[in-house]
Amino acid sequence: MRTSEVVVVGGGVIGASVAFFLAREGIEVTLLERDALAAGASGAAAGMLTPTNDAADAGPFFHWAQRSLEGFESLAAELLERSGVDCEFVRSGTLRLAFDDDDVTRLQARADTFADARLEWFDAAAVRVVEPYAAEHAVGGSYAPDEAHVRSPLLARAYAAAARRFGARIETGVEATGLRVGSGRVTGVETRDGAWSTPRVVLCSGAWSATGGVWPEGLARLPVAPLRGQILSVEAPTPAPATTLLGAGGYVVPKRDGSLVVGATEEEVGFDARVTGEGLRQLLEMGARIVPAIGDCTFRSAWAGLRPTPSDGLPIIGPVDEVEGFAVATGHHRNGVLLSPATGELITGWVSGKATPSEARAFLPSRFTS
Ligand SMILES: Cc1cc2nc3c(=O)[nH]c(=O)nc-3n(C[C@H](O)[C@H](O)[C@H](O)COP(=O)(O)OP(=O)(O)OC[C@H]3O[C@@H](n4cnc5c(N)ncnc54)[C@H](O)[C@@H]3O)c2cc1C
């Protein structure tokens, strides 16, 4: 039987990051992905690195998201050097547009809450100076100069290729079907391609974490559900916008390949990752409210992915106390790309025998399993 010190299940940005950080520490790791790398949500994401989007307050989520953002530029450079894959990091800054008084009040309050993000308030005229393509009817905007974006599928490939350089095995087309447990601890993983003997398994299977056979028998399943996001891209006008713009329930991200990515829907439709006519209609309407010029841009393509969405909005990262040697890293909802480095580091800390840092205890799976 094949053996590995750690087996990671799932080859999205989370599993690939975990494999990279483990391998960089000199830990023997094997990643099993049933399809191709970034076949799930990670292949669909807009790749925004925006800690202030979903944080409810300046608590643990914001702290870890901000920490990930701060290290991203040097991480992208390291991954490029080690793997030859450029994840196309761009520090575009993010401008959140206000269209009415309620938006102004909400965005200004968030600027006070997230002082570390150095948010600045711009009036309507200043908004148009920062980004001339921003909708003329915006009455102001909150600008986050440090926020950035990457190409998510490239990031997953860069993590995996760099992990390989450190000796990790990356096995695609291999589906994990079950966990082997003996005397309360992990002994291996079953796959359609034979079993692996291992003392540690990290489940990083995204929206499928709560459904697959890898979850230990008899343990309450994690409350992680798929949330469909449809997203599209158009050719950017010339000259291209430079700033990521948010508002009207959506966003427009100018990518290095000359496209504008317009996202995203949020739909509870189970494991249905289709692009629909209604989804496209909503996206084009939303995009044109933020950047009216989009109405005249050439359409490129549209796609969809299933976010792993946890019931309480926080990622689920760390050891599962009930089964020694078993850990999860899932539930990253709309922020898995951003949180991927922090997640890889947290899991590497666990494998290395370190206690979970107090600021990351809010993410432990014990909040659901015990
Ligand atoms: C439209 C959209 C836009 C988004 N935009 C952003 C954004 O701008 N910024 C951001 O940070 N996040 C964004 N996200 C969220 C982000 O995509 C997710 O949080 C992240 O991709 C989750 O990564 P993951 O590796 O956990 O899951 P996934 O990428 O879904 O990977 C899970 C992998 O596990 C594999 N798998 C499942 N079961 C098994 C098994 N039994 N054996 C082997 N392999 C298995 C699957 O094939 C899949 O490849 C967006 C998501 C969507 C859908």
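Biologist: Among contacts in the protein chain between residues at least 6 apart in sequence, what percentage join residues at least 24 apart?
Modeller: For contacts between residues at least 6 apart in sequence, 75% join residues at least 24 apart. Two residues are in contact if their C-beta atoms, placed from the backbone, lie within 7 Å. Please note that this is a predicted model, in which local features need pLDDT of at least 70 and side-chain atom pairs count only at pLDDT 80 or more, while totals for chains, interfaces and linings use all residues. Residues are numbered from 1 along each chain as its sequence is written.

Biologist: How many helices and strands does the protein chain have?
Modeller: The protein chain has eight helices and 20 strands. Helices (H or I, at least four residues) and strands (E, at least two) are DSSP runs, numbered from the N terminus.

Biologist: And what does the radius of gyration agree with?
Modeller: The protein chain has a radius of gyration of 21 Å, which agrees with the value near 21 Å for a compact globule of 370 residues. The radius is taken over C-alpha atoms, and the globule rule is 2.2 Å times the number of residues to the power 0.38. Along its principal axes, the C-alpha trace spans about 65 × 40 × 40 Å.

Biologist: What share of the residues is buried?
Modeller: Buried residues account for 51% of the 370 in the protein chain. A residue is buried if 20 or more other C-beta atoms lie within 10 Å of its own, exposed if 12 or fewer, and partly exposed in between, with C-beta atoms placed from the backbone.

Biologist: Which domains is the chain divided into?
Modeller: There is domain 1 (2-83 + 152-223 + 312-369) and domain 2 (94-146 + 225-307). These bounds come from an automatic or database domain assignment. The C-alpha centres of the two domains lie 28 Å apart.

Biologist: How many residues are in contact across the two domains?
Modeller: In domain 1, 19 residues are in contact with 23 residues of domain 2. Helix α2 (residues 60-83) gives the most to the domain 1 side, with three residues. By class, that side has 11 nonpolar, six polar and two charged residues. Here Ala, Val, Leu, Ile, Met, Phe, Trp, Tyr, Cys and Pro count as nonpolar, Asp, Glu, Lys and Arg as charged, and the others, Gly among them, as polar.

Biologist: Where does the ligand lie, and why?
Modeller: Both domain 1 and domain 2 give residues to the shell around the ligand, so the ligand lies between them.

Biologist: Which residues of that shell come nearest?
Modeller: Of the 44 residues around the ligand, Gly12, Gly40, Gly206, Gly229 and Gly336 come nearest. A residue counts as near if its C-beta atom, placed from the backbone, lies within 6 Å of the molecule. The elements giving two or more residues to the shell are α1 (13-24), β3 (29-33), β14 (224-235), β18 (299-310) and α7 (336-351). The shell divides into 20 nonpolar, 18 polar and six charged residues.

Biologist: Turning to β14, how many bridges join it to β17?
Modeller: Five bridges join these antiparallel strands, and serine 233 stands opposite valine 261 in β17. Two strands pair if DSSP finds at least two bridges between them. Four of the five residues of β17 (residues 259-263) are buried, so this strand is largely enclosed by the rest of the structure.

Biologist: How do β16 and β17 pair, parallel or antiparallel?
Modeller: β16 (residues 250-254) pairs with β17 in the antiparallel sense over four bridges, and valine 252 has valine 262 as its bridge partner in β17. The two strands form a hairpin with four residues between them, and glycine 258 in the turn has a positive phi of about 85°.

Biologist: Is glutamate 235 buried or partly exposed?
Modeller: Glutamate 235, in strand β14, is partly exposed, with 14 other C-beta atoms within 10 Å. Among the residues touched by glutamate 235 are Gly258 and Ser259.

Biologist: And leucine 245, buried or exposed?
Modeller: Leucine 245 is buried, with 29 other C-beta atoms within 10 Å. Leucine 245 is found in strand β15 (residues 244-247), and is the bridge partner of leucine 95. β5 and β15 pair in the parallel sense over three bridges.

Biologist: Why is β5 described as enclosed?
Modeller: Five of the five residues of β5 (residues 94-98) are buried, so the strand is largely enclosed by the rest of the structure. Thr94, Arg96 and Ala98 point one way, and Leu95 and Leu97 the other. β5 also pairs with β7 (residues 140-144), antiparallel, over five bridges.

Terms used
Lists of a residue's contacts leave out its neighbours within four places in sequence.
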